[in-house]
Amino acid sequence: MLAWHPSPLKDPIMRARRHSLLLMLALCLASAASWAKLDRGIEPPDYLGKTPDRDEVRISQFKGRIVLVTFWASWCGPCRRELPVLDALKKTAGDRLEIVAVNVKDTTEDYRLIRRQLKKTGLIFTHDIDGAISDGYDVKSYPNLYVIDQAGRISAAHIGFGDESLDKILRDVNKLLLAPAPAAAVTQATN
């Protein structure tokens with residue numbers, strides 16, 4: 001037996017679904033457009049916050065070195081797995097690499113708890129309590145890591161953390177370590 005179905009264009013439920021799909025597509029495109037402002041080769045926002053000792057941290061102070069900037073939160077399981085791995089990477093790479101771990105919107109107590117758990121670390125910690133720094137990087141999920149080259153420009157970005165992403169991060173860092181530093185970075189590092 002055949003049943004009559006209204007035209008998808010006239011059916012209010014189908015129209016609502018179509019509008020929802022179009023809205024989701026528009027949001028995805030808008031998100032992609034906002035990512036473009038932090039694409040490869042772009043200088044990201046310089047200011048990364050203050051350390052627990054109240055020292056300002058800026059990407060520009062590390063010119064001539066590779067910088068990893070990771071945005072994390074205490075409630076984020078992948079973030080908590082990423083931080084010790086980044087610490088081991090820092091210890092292996094030494095002075096050629098700096099890693100800034102920007103905590104986003106955690107309470108001071110939660111931030112301090114994680115810092116105490118990682119107190120013997122080579123990571124530089126800052127606390128973005130109101131999200132202003134992460135907003136400048138258009139961070140929407142955690143962890144969100146940017147690889148900054150020796151000239152202070154974005155070389156790569158990684159969202160999430162796992163075995164596959166670790167391999168990609170290592171590949172990106174090794175590529176920069178093996179490549180000759182840009183002339184501007186060499187001049188800046190020797191001054």
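Cys76 counts as buried because its relative accessibility is 4%, and Cys79 is buried too, at 0%; buried here means under 20% relative accessible area, with exposed over 50% and partly exposed in between (1.4 Å probe, protein chains only). The model is a predicted one, in which local features need pLDDT of at least 70 and side-chain atom pairs count only at pLDDT 80 or more, while totals for chains, interfaces and linings use all residues. Residues are numbered from 1 along each chain as its sequence is written, and side-chain values use heavy atoms, leaving out hydrogens and water.

Cys76 and Cys79 are joined to each other by a disulfide, S to S 2.4 Å (the cut-off is a pair of cysteine sulfur atoms within 2.5 Å). A search through the whole structure turns up one disulfide. The torsion about the S-S bond of Cys76 and Cys79 comes to about 80°, so this disulfide is right-handed.

Then there is the nonpolar interior. A nonpolar core is a set of buried Ala, Val, Leu, Ile, Met, Phe, Trp, Tyr and Cys residues linked by side-chain atoms within 4.5 Å. The largest such core has 24 residues, and those touching the most other members are Leu68, Trp72, Leu83, Leu86, Leu97, Phe125 and Val147. Among the elements giving two or more residues to this core are strand 3 (66–72), helix 2 (77–93) and strand 4 (97–104), where helices (H or I, at least four residues) and strands (E, at least two) are DSSP runs numbered from the N terminus. Helix 2 supplies the largest share of this core, five residues. Apart from this core lies another, of 18 residues, including Leu48 and Tyr137.
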